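This briefing covers a ligand site, a sheet and some backbone geometry. Please look through the structure before reading the points.

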Amino acid sequence: MNEQDKEVVSTEDNTVSPEEMTRRAFLKKSAVAGAAVGMMGLASAQQATADQVVRGKNPKLVVLSSRPVVMESTLEVLGSERITSKANLFIRNNIDLPGLNTTEPNVQPGWVVEIGGLIDAPFRITVEELSRLPQTEVTSVLQCSGNGRSFFNPRPSGNPWTYGGVGQVTWRGVLLKTLLEAKGAKLRDNARFITMNASTQGGAQPYEKSFPISVLDYNSAMLALGMNGEPLPAVHGGPVRLVAAGTFGTPNVKWLVKLDFTAGESTGNEQVPRYRVPVLPGWNTPILPTQPGSRYNYTLDNSRPNWGANINSFILSPLAGASVRGRRVEIRGVAWNDGLVPVESVEVSVNGGTTWRKAIIEGNEGKFGWYRWVSPQLLAPGDYEVMARATDTLGRTQPLDGNVWWNERGYEWNGVMRVKFKVT
Ligand SMILES: Nc1nc2c(c(=O)[nH]1)N[C@H]1C(S)=C(S)[C@@H](COP(=O)(O)O)O[C@H]1N2
Ligand SMILES: [Mo]
């Protein structure tokens, strides 16, 4: 195994398939051969590094696609900071807006968002007016619902995310509630969903998404203008993006130009069949187990969109393949859920799941953020496999085998993570 391969192993979980390891080793090698890539230009999508695809990104991010832009972070990068910086945050574009592949702000004076549908007095608001209304900050986990897809077996088609399609950022903007109050625009009783549209400037294809008005989603939903104390980076949706803390990435529409209160959800392609999981009719939370490898005919009635984030936890230290000094070893990581109730515990096993011990939860960045946990262990020299499992006060927890939730499109993976490392 050469140097680059080792680096790949140390930052990724060992359940990555051999094909994926080969692909990643190839990507890393291409990244090392930066000069060569530069000379070839961006013609070959898979060979461009993250900073070449989007100005300001950390070259350690892994490019899954350069058109549309899709890149993931790594556990090593995510573990290096408390709030994910704009350089280190993953990107998932279904549709690129031309000219916005940068972490710099998207300065577009007079940008308008139209607010309408089932409210009294629909209105239009500019980004300048929005910035003069009372601003709220919320720290939340942003995660693509496809994160972890590579671990489903058989692997569903779609971007082969490992663990890096996630980050924790602090948003700043105007709560939808605040905006409607300021405009005296009352919601009608039959308003059940928010249906949003992204800009099509520069000839971009339309992007339309709906999510339900519920306590979980609506009370914290905001039109965000800022991220981590700066104007919203262009590639992350500036100048205006919807942020619904506690939801998966998909309803967090970037480059927002239109928001309607509607009785039903959008019937556009981004809403159905994409970004959905099978459910029993009228049963709105858990995924309906389907036979791995089987097909499913997604309709609005037999499936639900990815919205409330699944409970999950990651081990950020040690990383897979690491060698650490014994006997005192601190296992560290993060856990999160949809923010509906607190994450109550994180249990850690160092013996393949035979026994579990509660980790210490050190703190969290509000109910939508990461709970940082640590599990001090006394470990003799040897080989270990550590596992971590989060549970919240509703009893929602992670499956030991994430494949129990196998679904055709590979969404909402939250299987217990396993990390092999060595104590010397
Ligand atoms: N306009 C627009 N908004 C979008 C998307 C998109 O393709 N276009 N992708 C969605 C998906 S699937 C995800 S996971 C998040 C990713 O946000 P990020 O690129 O800022 O990390 O944006 C969501 N909002
Ligand atoms: Mo996503």
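Which of the 19 residues around ligand 1 come nearest? They are Phe90, Asn94, His236, Arg241 and Lys254, where a residue is near a molecule or strand if one of its heavy atoms lies within 4 Å of it. The model is predicted: local features need pLDDT of at least 70, side-chain atom pairs count only at pLDDT 80 or more, and totals for chains, interfaces and linings use all residues. Residues are numbered from 1 along each chain as its sequence is written, chains are lettered from A and ligands numbered from 1 in the order in which they are written, and side-chain values use heavy atoms, with hydrogens and water left out.

**Ligand 1**

- For Asn94, a backbone N or O atom lies 2.5 Å from a ligand 1 oxygen.
- Arg241 uses its side chain, with an N or O atom 2.8 Å from an oxygen of ligand 1.
- On its own, ligand 1 has 530 Å² of accessible area, and the protein covers 100% of that (Shrake-Rupley method, 1.4 Å probe).
- Ligand 1 takes up the space of the largest cavity. A cavity is a set of points, on a 1 Å grid over the protein atoms alone, where a 1.4 Å probe fits but cannot get out; a molecule sits in it if more than half of its atoms lie within 2 Å of its grid points.
- The shell around ligand 1 holds 10 nonpolar, six polar and three charged residues, with Asp, Glu, Lys and Arg counted as charged and Gly among the polar ones.

**Sheet**

- Five strands form an open sheet with mixed pairing, in the order β17-β24-β23-β19-β20. Strands are DSSP E runs of at least two residues, and two of them pair if DSSP finds at least two bridges between them.
- β17 (323–324) and β20 (357–358) are the edge strands; each has a single partner, so one side of each is left without a neighbour in the sheet.
- β19 (residues 343–349) and β23 (residues 382–392) run antiparallel and are joined by six bridges.
- Val343 stands opposite Asp392 in β23.

**Backbone geometry**

- Most residues other than glycine have a negative phi, and most peptide bonds are trans.
- Asn153 and Pro154 are joined by a cis peptide bond, with omega about 0 degrees; Pro154 is in the loop between β6 (136–143) and β7 (166–175).
- Another cis peptide bond joins Gly326 and Arg327, with omega about -5 degrees, and Arg327 is in strand β18 (residues 327–336).
- Asn228 has a positive phi, near 55 degrees, and lies in the loop between β10 (222–227) and β11 (230–231).

How values were computed: A polar contact is a pair of N or O atoms within 3.5 Å; within protein, one must be able to donate a hydrogen and the other to accept it, and residues adjacent in sequence count only if both atoms are side-chain atoms. On a 1 Å grid over the protein atoms alone, a cavity is a set of points where a 1.4 Å probe fits but cannot get out, and a pocket is an open set with protein on both sides within 12 Å along at least five of seven lines; lining residues have an atom within 4 Å of a point. Helices (H or I, at least four residues) and strands (E, at least two) are DSSP runs, numbered from the N terminus.
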